[in-house]
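Subject: Structure for you to look at

Hello,

Here is the structure I said I would pass on. Please open it and keep it beside you while you read the notes below.

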Amino acid sequence: MAVKRWFKLKKYPHIGLPLIPKDKSWLVPYVTNPNKIKAHRFTPFIKRSIKQRKYRAKDKVEQDDGSLKYEMNVYGKRERETKRPKKRPIFYASHLDALIYGYYSYVLSVHYEWFIRHKPYNHCAVAYRKIRKDKGQKGNKSNIEFAYDAFSAVKNLDATKVSVIVADVSNFFDELDHKILHRQWKRVLNCVDEKGRLSMPDDHYNVYRSLTKKRFVKLNELHNACYGRIWVERNLPNNPDKTEWKQKKVAKRRNFRRERVVAFCTKKDFFKYHLPLVQSKRRGQKADGTYKSSFSTKGIPQGSPMSALLANIYMLDFDEALHQFTNAFDGFYQRYSDDLVIVCPRDKEKETLEYLNEKIADPNNCNLNIHPDKTQVYRYEWQGRRLIGGIAEETQGYSTAKQLEYLGFEFTGTNVYVKTQGISKYYRSMIRSIKRGKFYAKKAHHREKGLFKNKLFKRFTILGGKRILRFIPDPENKNKYIPDPDKRYNWGNYFSYLLKANAVMKPLNGGKDTITKQTRRFERNFHYALKHPKTKLKQRKPRK
C-alpha cells in the first residue's frame with residue numbers, strides 16, 4: 001500500500017485540532033480499517049465562496065446598416081467590460097475526514113484505472129489523472145499536452161472544413177445524480193454479493209453517504225460563533241523551537257495567517273454547543289421555506305479529495321458514447337472535468353450538437369445539462385496551406401474576432417498563444433506582491449529587511465523559472481548553506497510554465513517561439529513597477 005500517495009497532513013483551520021506527524025502511528029491503521037470507517041462519524045464540511053472576476057469581451061452591436069459587428073478598441077482587439085463576478089462554493093473537510101477521503105480516492109482510482117485500461121475511450125477523460133506521455137518521452141501529460149492534442153486534431157482532421165464544439169456542463173458537481181453515481185461506483189469496484197449482484201461494501205457506502213448528505217457549516221457563521229476563543233499556535237517562551245496550542249480572540253478572518261490559527265474549536269465543543277449551525281442540501285427546500293418530504297437526490301461537495309475522481313467515474317457511459325460517435329467519422333473527443341471539446345467535419349456539426357445534448361440529458365446516462373451560454377462553436381477551413389477560421393456566425397460562416405480557447409490557450413488556426421487572462425493574472429499578482437512588499441518595508445520592524453527583493457525576483461522573473469536544487473542552512477554552521485540532502489528542487493514559477501508551453505506548442509507554431517514572445521515585456525514591466533513610486537505598469541502605445 002502506497003501510504004505516501006494519500007497520507008498528507010495539512011494545516012488549515014477547521015473543526016477539531018490539526019493532526020501532527022506523530023499521529024501517523026494510529027491514523028494509518030484507523031483509516032485503512034473498513035470496520036472503523038463503516039462506523040465513522042464524519043464532521044460537517046466548511047463552506048466558503050471563491051469569487052472569480054469576469055473581464056470579458058462585449059457582444060456584437062448592431063450597426064447602421066443592420067449588420068452585427070464587434071466593438072474594437074484602439075489596439076485592434078474586442079472591447080471588454082467588467083461583468084458580475086462568479087461565486088464558486090467550495091467545501092473542505094476536517095483533517096481526519098480529508099485523510100479518509102484521500103485514502104478512498106486512492107483505492108477507487110486504482111479500480112478506475114484498471115477498469116478503463118483497455119477501453120477505447122481510455123484517454124478521453126484527462127482531468128486529475130496520470131496519463132503517460134508518448135513513447136520516448138518521460139513524465140505525465142499536463143493541460144499543455146492535452147490542449148496540444150486538441151489543437152492537433154483540428155489540423156489533422158481529414159476534412160477541408162472543420163468544426164470545433166467547446167461545451168461546459170451546467171452546475172456540474174451540484175447536479176450529479178446520486179443513483180447514477182452509486183451505480184457507477186459499484187461498477188468500478190466490481191464487488192458482488194451472495195446473489196451475484198454488484199454491491200458496495202459498508203465502508204464505501206458510509207463514505208458515499210457522507211458526500212451525498214452534503215452536511216456543512218458556513219465559514220462566516222462558524223467564525224462568528226467561535227471568534228472569542230479560537231485555537232492558535234504559539235512558540236514556547238523558554239524554547240522557541242517548540243510550539244503549543246492555546247485559545248485567543250481573533251475577530252477578523254484576514255488575520256488568520258498572521259495569528260497562526262489552527263482550529264475554530266474542538267470537535268467536542270462543536271457537537272456540544274454549535275450543532276445548530278449545521279446545514280444540509282440533502283432535503284429539498286420549497287419556496288415558502290418549508291421542506292419537502294422527500295430527500296434531494298443530486299449533488300456532491302466540490303472541493304473534497306474525492307470530487308474530481310467521482311466526476312470521472314460518473315461520466316463513464318457518456319465518455320464511451322461520445323467516443324464511439326466521434327470515432328465513426330474519425331473525429332476527436334476530450335473531456336477535462338466539465339469542459340468538453342469535440343472536433344468534427346463541418347457537415348457533422350449539427351448532428352454532433354444534437355447528439356451531445358441528447359446524451360448529456362439522458363436520465364439513464366448523465367441526467368445533466370449543457371450550459372447554453374458557455375457552448376461555443378468554431379469553424380476552420382483550409383485555404384491553400386493555411387487553416388483560417390474563428391467563432392461560428394449565424395450562417396455557415398465564421399468571424400476571426402474570437403478564436404478557439406481551451407485549457408488556457410488560444411488557437412488561431414496557424415498559431416497557439418497563451419490566453420490573455422493568464423497574463424493579466426500574472427501582472428495583477430506581481431503588482432499586488434510589490435505593493436505589499438513596499439507596505440511592509442516602511443514598517444519599523446521590517447526596515448532592515450528591505451523590500452524582500454529576493455522573493456520577488458524568484459517569483460516574477462526568469463531567475464526563479466529554472467528548476468534548481470534547494471539549499472538549506474548547515475546544521476553545523478549557521479552562516480553556511482549546503483545542498484538539500486533530500487534532493488528537493490524549486491519547481492519554478494509562471495516563466496517555467498510558459499517555457500514548457502512554448503516547447504510543446506512549437507510544432508503547431510511552425511517551429512517559432514510564439515509563446516515566449518508574449519513574455520518579452522515581463523522583465524521590463526517588473527523592473528518599472530519595482531521602481532515606480534505608485535507601482536504601475538507602462539501604458540502601451542495604441543496602434544496607428
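Where is Ile20 found? Ile20 sits in the loop between β1 (14-15) and α2 (24-31). Please keep in mind that this is a predicted model.

Ile20 has a relative accessibility of 34%, so it counts as partly exposed. Together with Leu17 and Trp245, Ile20 makes a nonpolar surface patch of about 220 Å².

Next, the aromatic rings. A pair of aromatic rings is described by the distance of the centres and the angle of the planes. The structure holds 30 aromatic pairs. One of them joins Trp185 and Tyr208: the ring centres are 6.0 Å apart and the planes stand at 90 degrees, so this pair is edge-to-face. Trp185 belongs to helix α6 (residues 178-189) and Tyr208 to helix α7 (residues 202-213), so the pair ties together parts that are 23 residues apart in sequence. Both Trp185 and Tyr208 are buried.

There is also an aromatic cluster, formed by Phe409, Tyr426, Tyr427, Phe460, Tyr494, Phe495, Tyr497 and Phe522.

Two rings have a charged residue over the face. Lys24 lies over Phe7, at 5.3 Å from the ring centre. Arg41 lies over Phe271, at 4.1 Å from the ring centre.

Now the cysteines. A disulfide is a covalent bond between the sulfur atoms of two cysteines. How many disulfides does a search of the whole structure find? The search finds zero. Take Cys265 as an example: the closest cysteine sulfur is in Cys226, 4.1 Å away, which is too far for a bond, because a disulfide needs the two sulfur atoms within 2.5 Å. Cys265 counts as buried, at 5% relative accessibility. Cys344 is buried too, with a relative accessible area of 0%.

Last, the backbone. Most residues other than glycine have a negative phi. Ser337 has a positive phi, near 60 degrees. Ser337 is in the loop between β16 (332-336) and β17 (339-345), and is buried, with a relative accessible area of 5%. Asn367 also has a positive phi, near 60 degrees. Its loop runs between α13 (349-361) and β18 (376-383). Is Asn367 buried or partly exposed? With a relative accessible area of 21%, Asn367 is partly exposed.

Regards

Methods
Residues are numbered from 1 along each chain as its sequence is written. This is a predicted model: local features need pLDDT of at least 70, side-chain atom pairs count only at pLDDT 80 or more; totals for chains, interfaces and linings use all residues. Side-chain values use heavy atoms; hydrogens and water are left out. Rings of Phe, Tyr and Trp (its six-membered ring) pair if their centres lie within 6.5 Å; planes under 30 degrees apart count as stacked, over 60 as edge-to-face and the rest as tilted. Helices (H or I, at least four residues) and strands (E, at least two) are DSSP runs, numbered from the N terminus. Buried means under 20% relative accessible area, exposed over 50%, partly exposed in between (1.4 Å probe, protein chains only). A charge sits over a ring if NZ of Lys or CZ of Arg is within 6 Å of the ring centre and within 35 degrees of the ring normal. Patches are made of residues with over 30% relative accessible area and no salt bridge: like charges are joined within 9 Å, nonpolar side chains (Val, Leu, Ile, Met, Phe, Trp, Tyr) within 5 Å. Accessible areas come from the Shrake-Rupley method with a 1.4 Å probe; for residues, only the protein chains shown count as cover. A salt bridge is a side-chain nitrogen of Lys or Arg within 4 Å of a carboxyl oxygen of Asp or Glu.
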